[in-house]
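Welcome! Keep the sequence and the 3D view open while you work through these exercises, and try each task before you read its solution.

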Amino acid sequence: MKRAVYRDFYTGKPYEVEYDPEALCVMCEQPVTEASVGGINICSWCDRGVNRDGTVWTGEQFLAITARMEEKWNQEHNR
């Protein structure tokens, strides 16, 4: 586990977040590698809508990713 320190948007006080850099991102299914604003389960690339090569997601990529996430959620919740 790793730790990241952030500052609270309203108070400016620091707080620590613990995350697993080997955990897979819920969107792209690649290792998170670092904590992001979106939380500990989303990589910083997906948090910004960017591929790992630096290109911005196309509309088709966004729809495919969100459809895969919805399907996975439905399977996990027997829907």
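## Exercise 1: The cysteines

The sulfur of Cys-43 is 3.7 Å from the closest cysteine sulfur, in Cys-46, which is too far for a bond, because a disulfide is a pair of cysteine sulfur atoms within 2.5 Å.

A word on the model before we go on: it is predicted, so local features need pLDDT of at least 70 and side-chain atom pairs count only at pLDDT 80 or more, while totals for chains, interfaces and linings use all residues. Residues are numbered from 1 along each chain as its sequence is written, and side-chain values use heavy atoms, with hydrogens and water left out.

**Task.** Find how many disulfides a search of the whole structure gives, and state whether Cys-25 and Cys-43 are buried or exposed.

**Solution.** 
- Step 1. The search of the whole structure finds zero disulfides.
- Step 2. Cys-25 is in no disulfide, and its nearest cysteine sulfur, that of Cys-46, is 3.8 Å away.
- Step 3. Now apply the accessibility classes: buried means under 20% relative accessible area, exposed over 50%, and partly exposed in between (1.4 Å probe, protein chains only).
- Step 4. With a relative accessible area of 1%, Cys-25 is buried. Cys-43 is buried too, at 0%.

## Exercise 2: Salt bridges

**Solution.** 
- Step 1. Start with the idea: side chains of opposite charge can pair when their charged atoms come close.
- Step 2. Here a salt bridge is a side-chain nitrogen of Lys or Arg within 4 Å of a carboxyl oxygen of Asp or Glu. The whole structure holds three salt bridges.
- Step 3. In one of them, Glu-16 pairs with Arg-3, and the closest N and O atoms are 2.9 Å apart. Glu-16 lies in strand β2 and Arg-3 in strand β1, so this pair ties together parts that are 13 residues apart in sequence. (Helices, H or I with at least four residues, and strands, E with at least two, are DSSP runs numbered from the N terminus.)
- Step 4. Arg-3 also meets Glu-18 in a salt bridge of 3.2 Å, N to O. That pair links strand β1 with strand β2, 15 residues apart.
- Step 5. Arg-3 is exposed at 57% relative accessibility, and Glu-18 is partly exposed at 38%.
- Step 6. The side chains of Glu-29 and Arg-68 meet at 3.7 Å, N to O. Arg-68 is partly exposed, at 33%.

## Exercise 3: Aromatic pairs

**Task.** Say how the rings of Tyr-6 and Tyr-15 are arranged, and then do likewise for Phe-9 and Tyr-10.

**Solution.** 
- Step 1. A pair of aromatic rings is described by the distance of the centres and the angle of the planes.
- Step 2. Rings of Phe, Tyr and Trp (its six-membered ring) pair if their centres lie within 6.5 Å; planes under 30 degrees apart count as stacked, over 60 as edge-to-face and the rest as tilted.
- Step 3. The structure holds three aromatic pairs. Tyr-6 and Tyr-15 form a tilted one, at 6.2 Å centre to centre with 35 degrees between the planes.
- Step 4. Phe-9 and Tyr-10 are edge-to-face, at 5.0 Å centre to centre with 90 degrees between the planes. Both Phe-9 and Tyr-10 are exposed.

## Exercise 4: Backbone angles and a loop serine

**Task.** Describe phi in Glu-29 and Thr-33, and find what the side chain of Ser-36 reaches.

**Solution.** 
- Step 1. Most residues other than glycine have a negative phi.
- Step 2. Glu-29 has a positive phi of about 60 degrees although it is not a glycine. In Thr-33, phi is near 65 degrees, again positive.
- Step 3. Thr-33 is found in the loop between β2 and α1, and Ser-36 is placed in the loop between β2 (14-19) and α1 (44-48).
- Step 4. Ser-36 counts as buried, at 9% relative accessibility. Its side chain reaches the backbone oxygen of Ile-42 at 2.9 Å.

How values were computed. Polar contact = N/O pair within 3.5 Å; in protein donor to acceptor, adjacent residues only side chain to side chain.
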